[in-house]
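Biologist: Thanks for sitting down with me. Could you take me through this one step by step?

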Amino acid sequence: MSTTVTVVGTEALVETLFSGVAVGAKYALVALGFVIVFKATRVLNFAHASFVLLGGFITWQLAAEWGVNFYLALPLAMVGGALIGAVLQTALLQRLLGEKPFSIIMITIGVLYVFDNLTSAIWGPEDRDLPDPWGSRTIDLGSVNLAVADLWTIGVTSAAVGAFFLFFRYSSLGLGMRATADDQEAALATGIDARRVHLAAWATAGALGTLAGAMLSSGAGSVGPSLGAVAFVAFPAMIVGGLESPVGAVVGGLLIGLIQQLTALLQPEYAAWLGSGFDRVAPFAVMVIILLVRPYGLFGEPEVRRI
Amino acid sequence: MSTMTLSHASRRRGRPYRNMTLSHAADLRTVRGPWRITFAFALAAVFVALPLRISDATLGTLVLCGAFAIGAIGLNLLIGLTGQVSLGHAAFVAIGAYCTSYLGDGRGWPFLAYFVTAIVLGLVAGAVIGPFALRLRGNYLAIVTIGLVFVAEHVLRNWESLTRPVRGTAPTRDAAVAIGPLDFGAGLDLGSAVYTREQSMFWLTWALVALAAVVAHNLTRSRVGRAMQAVRDRDLAAEVIGVEPGRTKIGAFAVASAMGAAAGVIYALGLGAIDYQELSGIHGLFMSITFVAIIILGGLGTVQGSILGALLVIYGQRFIANEGAAMPILGIPVERDWMSTGELNGVLFGGLIIVFLLLEPRGLAALWARVRTWFQGWPFSY
Amino acid sequence: MQHLRRSTPAGIAITAICLVALAACGGRADSESGSSGGEGSAGAPAEAPGFDGTTITVGALTPTSGRVAVIGNPVTVGNQIYFDMINESGGIAGKYPVEVLVRDSKYESTTAAQEYQATKDDVSMYVQLLGTQVVSSLLPDLEQDGIVASPASLDSFWVREQNLLPWGGPYQIQVVNGVDWYLTEGGGEGKTICSLTQDDAYGATGRDGLEFVAEQHGITLGKQVQFTLGTTDYTTHINQLKGAGCDAVLLTATPADTAGALGKAAQVGFEPQWLGQSPTWLKPLFEGDLKDYAEKNLVILAEGGAWDESASKGMGEMIGALEKYAPDTAADWYLTVGWTQARATHQVLEAAVESGDLSREGIIEAMNSLDTITADGMFGDYGWGAPEDREPSRSSTIYAVDIEGSAMGITPKAQDYSSDAAADYSFDN
C-alpha cells in the first residue's frame, strides 16, 4: 500500500488558517462565558459545558420542533439560557458564598452531571441537525471556500467581545462586576450589591453558553451529546489567555484554534512520529508550555495573596 | 502507668473515663479505646466472613470499590492533606492497569514483580508531574492536570502494542495473582476449602486497602504529614518555619500517584480486560472526577472518608443499576421509557454531590463524627 | 493496662457474636451455574440458568444511554419485537415464552463486565452484546462460564469463536464487496481509492478489508487518512484527500463524524464517491442540507434488502411486528440487526429444547449441531457447525441514499453482491 505525497498548497493553507480562526472563534465564545463567571465570582464553572449543551438543544427545540424562525429562536434561547444560569445561581451558588473554592467547583461538576443526563433523557442521545439559515453554503473566493456559518460565528464572537468590552468599560453594572471581582468588601462598602453582580454574571454566562452551543451546531455541525465535550477543549483557551481576562479568552481561543488546525494540517506530513491525532493534544501541550513561562496566562494578573 | 490522679468517679469505676490517654505511648497507638478496639475486631471478622456469605457478582463490585478506595486514599493525601488539586488521577491508574496487562498478562511476570513495578512507575510519574505544582496554583494547577488525561489518551492510543494487543483490548485474565503459595487469581486452595477467584480477590484487595489506610494514617501523624498540612494551610509561612514546600508537594504527588497505580493494578485485575478510552481522555476525566467526588463525599483529609466514599459511590451506582431495572423508582419506569439506568445514575450521582456539599460539606466522615459526638456527649448532646 | 485487659475479652466476645450472626444469615445466595443438565421428566428440559421451567430468559448488554445508544436502542427494540411476535404463539417450540433482560452497558467494558457478572446466572444466553471492545473483553469470561452471546458488531474475529453467535457478513466483507463493486460496476475502473477511517479497532476493520481487496485487484491505494472519534473540524482531513486527488473514499466512521466530514466536503466542493460502512448511516442527520450531496455521492455498504414488506419473509414479519409492538419507533437499519440476532437465538434455543437440554453445555451442543443459521432472507444464510466449519455470508448490498423513497433512507442499488475477492477472504486468525 503506497501513499501519494501531498505538497501543502497555499490553497489548503489559507483554508486551514480560516478554519483555525473559525474553530478558534467557537472556543473563544465558550471561554468567554467561563471567564465572565470567574471574573465576577471567582468560581471555576465546570457546568458551563452543560450551558453549551442545553443551549444547543433549546435552540433546536425552538427552531426545529416548534418552527420558530431561527433569527428569533436564537435570542429566545439565549434568554432561556440566562434564566437557567440565574436560577442556578440563586438556588445553589448563593448558599455557598463562603465555602472553600474546591467545594464550589465540585458543586458545578455535580450540576454538570445532572444537566447532561437530564438533557439526554429528555431529548434522547441521537445527533440531530440544527435548522440554521446558513447550512452548508459557502462563499467562494477563487479556489478558497469559506463557510457562511463559520463567517457568522466569527462575526457573532467579535460582536460579543465588543459588547463586553463596552459593557465592562462604560456601564454601571459592568463597573460593579469589576469592582466586586477586585475587592468584594470594598465594593459592598460603596453600595454595589454582590448578589446582583453574581446573578448578572451567571445569567450572562448562561446566555453566552447558549449562543456558543447554537454556533457550534450550525453549519456542518449537529446538536448532540458531544457538544459538551468541546467545552473541555476550551479550558486551554481560557488558561492561555488568563482566567480573568475576557480579551485573554478571545485571544486564547483564536490562538488555540489556529494551532490546532495548523497542527492537523502539518503534523502528519512533517512530524508523523508524534502519532495520529496529535492535533487533539496540541492545545493542552501549548497550554502547559505557555503556563511554564507565564503562570497566570498571557493576559492574567498574578494573584495577590495575604500571607 | 503515670502518676496522674484519677477523679473520684474514675477511681470508683476502676479505670479512667472513656478514651483518656495517660501516656505518650498510649497516645501514639493507632487504635485507641475499648470501642475502637472492638470495632477493629468486628471489622476483621466481617472481612474474613463476608465472602462466604455473599454472591460472586457483589464481591466483584466490592473489589472495584476497594480499588477506588486505594486510589482515593492516595488522592486524599494530595488534595485533602497537601491542598494540591489534581484532576489527572486517572492517568496514574492507567499506569498501574497497563503494568498489569503488559507485564502480568502479556509477559507472565509474577504478581509482586508487576505490582511493585506499577508502584515505582507511579512514584516516578508523580515526581515528574509534581514540579508543575511548584509553578502553578489552585485553578491553574487543576486545569493543567486535566491536560494530563488527554496527553495520556494520545500516548495510549498511539501505543497499540500496549493498549490493544488482543482484538482491540488489553486482557488481564491471565495475569498471575499469587503471593508465595497463595494463588488469589485462580482461587485459594487451602486443601479442605476451595474458594473462588472473586472471594480470593476480595481478601487480597481489602487487605491492600487496610495496608494503604495504615500507611496513610501513619503518614498523616508523622512529621511529613504535618509538613503537608502546613503547606496546605499557609505554604509561605511553612517555608518560613523550615518546611520545604517544594519537596513536600512533589512528595505528595509521588505518593498519591503510587497509590493510584496500585489502585490501577487491582482495577485491572477486577475487570479482566482494560480499555484505554475509559482510563484516559474524556472518560478518564470522568474517572478522575469520580475519585474527587469520592473523597469529597467521604471527607477531605480523612482515611475512613476515602473508604466510605468509595463504597457509597461505586456500590451505589451498581445498586441503582441492579435495582433500577427491576423496580420503577418514584413511579418512573427506568428502562427505555423515560430515563435509562445510566442516565438515572448520572443524575443521582450529580444530585448526591450537590446535596452533600450543601448540607454536609465535610463529608460522610464528618457526619459520622457528628453522630459519634452526640452519643459521646449524651445526655448533654447539644 | 487496665482498660485494655477488660476490653480484650469484650472484643473477642463481640467477634464471636458477629461470626455466629453471619453464619445464621444464610449461605451464599448464588450457586456456581447450578444446573445439572440432562433430561427432565417426559422430555421437557430440566431447569437451568435462565430457564425456570416455564420461561426462558435471554440477556442484552447494550448502551441505553450515552452517545452509542442511538445504535443500541434500535437493536434492542429489534430483539424485543421478535420475541414479542413468537411469544404470541407460545414462544420457543410453542411452549416457552422468552423474556429479554436488558442492561445498560454505556458502551464501556467496565460497566459491561459488571452487568455481565450481575446477570450471567439469570440468563441462558445473550441475545445482544454491543461493542467490539466489550465483546473482546468479555470473551474470556464467556469461555470460562460456557455462555453463548451474539455480538452486535460485525468483526471477522467473531467467526471462529465457540461462544459467539455472529450474524451477517463481517465489516471486512462489506468493504471488499463494496470496493469490488465500485471497481467493476460503480465506474471506478482505474480511479484512485483513498480512505478516511477512525483510528481504532473499528477503523482497522475498514483498513484491513481495503488492503485485502487492493491486493486482490492489484491496485495501489491513494491517501489513507485517519481521524479520532468526535473530531470537531474536518477541514484538514478533507483537504488532504482533496489534495491527493481521490476519486473514491472508503469511510469507516459513526454517524456524527460522517455528517461532519461530508458537510465539510460539500463546502469545499469535494465530490468523490463516498463508500460508507454500515455504521455510518443515520437518516435524521442527512435529511437537511446534506440531502442532495449524500444522494449524489454516498453509498452505504451493508447487507440485506429494501425496507419493504415484500423484500423478504423476514422483512415482512419484522415490519408487521414493528407496527404492532413498537409503532412509535422510527424505521432504522439497526432494527434488522436486532431482529436477526433474535432470529438466530431462536434457532439455537429451539434446537436445545428439541434435544431436551437447556443447560449451558446443552445450548452449545445444540448450536454446533445446526447446519445453517438463517435470517429469512434479511441477510444471507450463515453456514454453521463447529467453529472451524462456519461460513459467514459473503455477499453484501450496496445501498444508495434515497431519503423520500425509503423509510430507512437508503435503498438497494446492488443487492446481494458477492465478489470473487470476498470468496477468497480467510477468517482463520
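Biologist: In chain A, what share of contacts between residues at least 6 apart in sequence joins residues at least 24 apart?

Modeller: Happy to start there; this is a predicted model, where local features need pLDDT of at least 70, side-chain atom pairs count only at pLDDT 80 or more, and totals for chains, interfaces and linings use all residues. Contact means heavy atoms within 4.5 Å. Among the chain A contacts between residues at least 6 apart, those joining residues at least 24 apart make up 76%.

Biologist: What is the radius of gyration of chain A?

Modeller: The radius is taken over C-alpha atoms, and the globule rule is 2.2 Å times the number of residues to the power 0.38. For 307 residues a compact globule would come near 19 Å, which agrees with the value for chain A, 20 Å.

Biologist: And what percentage of chain A is buried?

Modeller: Buried means under 20% relative accessible area, with a 1.4 Å probe and protein chains only. Of the 307 residues in chain A, the buried part is 59%.

Biologist: Which pattern does chain A follow along the sequence?

Modeller: Helices (H or I, at least four residues) and strands (E, at least two) are DSSP runs, numbered from the N terminus. Chain A has 11 helices and two strands. Read along the sequence, with residues numbered from 1 along each chain, the pattern is α-α-α-α-β-β-α-α-α-α-α-α-α.

Biologist: Turning to chain C, how far apart are the centres of its domain 1 and domain 2?

Modeller: The bounds come from an automatic or database domain assignment. Domain 1 of chain C covers 44-169 + 307-393, and domain 2 covers 172-302 + 400-424. Across the two, 11 residues of domain 1 are in contact with 12 residues of domain 2. Taken over C-alpha atoms, the centres of these domains of chain C are separated by 29 Å.

How values were computed: Chains are lettered from A and ligands numbered from 1 in the order in which they are written. Side-chain values use heavy atoms; hydrogens and water are left out. Buried means under 20% relative accessible area, exposed over 50%, partly exposed in between (1.4 Å probe, protein chains only).
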